[in-house]
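Subject: Structure for you, with notes

Hello,

Here is the structure, followed by my notes on what turned up in it. Please read them with the model open.

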Amino acid sequence: MKMIIATALAAGLAAAPLAQASGTIDDAKRAVQIGSDYGITHFHSIELEDDRNDDGSMEIEGWLDSEWYVEIDVNNDGSIRKEERRKRTDGPWGLSSADTLDYIDASVNQGMSRIEEIQADANGDIEVEGDNADGQELEVEFRTGSMEPTRVDKDHRS
């Protein structure tokens, strides 16, 4: 009996890091909600995976109003770890929360199953980076106002 419990415990501990891995579609949608709740009206970028430490944290950047740009680092429990605000004169630009969610869904429609980063630039270009269900890197690019991708790039790594 002790052997069965020990084996089950070891298997559970081995799977625990996978459960903490970030980048699911739900994580991306949760990041949009966290940013919206914080007051971001125009999203510039959402980064769900940090190459150095994939602990489920995320980085969200965007505009709070016409003058203030914010970057927040969020812990995996949704609490704010770091906030940096700066006054800017070139905004606001980026995606609304509804548009960001639409581009997440449009990327899923192109085969994306995990999202690493969503970025919008001032020119209206949107890029969603992640992986497909086979673990291949996938980049999907859009133009603001269209859910049809302008480019879909699959990396066929081994």
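The protein has three helices and eight strands. Helices (H or I, at least four residues) and strands (E, at least two) are DSSP runs, numbered from the N terminus. The order from the N terminus is α-α-β-β-β-β-α-β-β-β-β.

This is a predicted model, so local features need pLDDT of at least 70 and side-chain atom pairs count only at pLDDT 80 or more, while totals for chains, interfaces and linings use all residues. Residues are numbered from 1 along each chain as its sequence is written, and side-chain values use heavy atoms, with hydrogens and water left out.

Overall figures

The protein has 158 residues, and 33% of them count as buried. Buried means under 20% relative accessible area, exposed over 50%, and partly exposed in between (1.4 Å probe, protein chains only). Among contacts with a separation of 6 or more, 41% link residues 24 or more positions apart. A contact means heavy atoms within 4.5 Å.

Start with β2, residues 58-63. Five of its six residues are buried. Strand β1 (residues 42-47) pairs with β2 in the antiparallel sense, over five bridges. Two strands pair if DSSP finds at least two bridges between them. His-42 stands opposite Trp-63 here. Strand β3 (residues 68-74) also pairs with β2 in the antiparallel sense, over six bridges. On that side, Tyr-69 is the bridge partner of Trp-63. β2 and β3 form a hairpin, with four residues between them.

Trp-63 deserves a look. This β2 residue is buried, because its relative accessible area is 0%. Leaving aside neighbours within four places in sequence, its contacts include Gly-39, Ile-40, Trp-68, Arg-88, Asp-90 and Trp-93. A polar atom of the Trp-63 side chain lies 3.2 Å from the backbone oxygen of Trp-93. The C-alpha atoms of Trp-63 and Arg-86 are separated by 9.8 Å, with the two residues 23 apart along the chain.

His-44 is in strand β1. It counts as buried because its relative accessibility is 19%. Its side chain makes a polar contact of 2.8 Å with the side chain of Tyr-69. A polar contact is a pair of N or O atoms within 3.5 Å; within protein, one must be able to donate a hydrogen and the other to accept it, and residues adjacent in sequence count only if both atoms are side-chain atoms. Not counting residues up to four places away in sequence, His-44 also touches others, including Glu-61, Trp-93, Ile-118 and Gln-119.

Helix α3

Which residues of α3 are buried? They are Thr-100, Tyr-103, Ile-104, Ala-106 and Ser-107. Seen down the axis of α3, the buried residues fall within an arc of 165°, so they line one face of the helix. That arc is taken from the directions from the helix axis to the C-beta atoms. Their cover includes α2 (25-38), β1, β5 (112-120), β6 (125-132) and β7 (137-143). Gly-111 follows α3, with a positive phi near 105°.

β5 and β6 run antiparallel, joined by seven bridges. Ile-115 stands opposite Gly-130 in β6. The two strands form a hairpin with four residues between them, and Gly-124 in the turn has a positive phi of about 95°.

β6 and β7 pair in the antiparallel sense, over seven bridges. Glu-137 in β7 is the bridge partner of Asp-131. This pair is a hairpin too, with four residues between the strands; Gly-135 in its turn has a positive phi of about 85°.

Last, Glu-141 in strand β7. Is Glu-141 buried or partly exposed? Glu-141 counts as partly exposed, because its relative accessibility is 21%. Its side chain makes a 2.8 Å polar contact with the side chain of Arg-151. Beyond neighbours within four places in sequence, Glu-141 is in contact with Ile-126, Glu-127, Pro-149, Thr-150 and Arg-151. The C-alpha atoms of Glu-141 and Asp-153, twelve residues apart along the chain, are separated by 8.7 Å.

Best wishes
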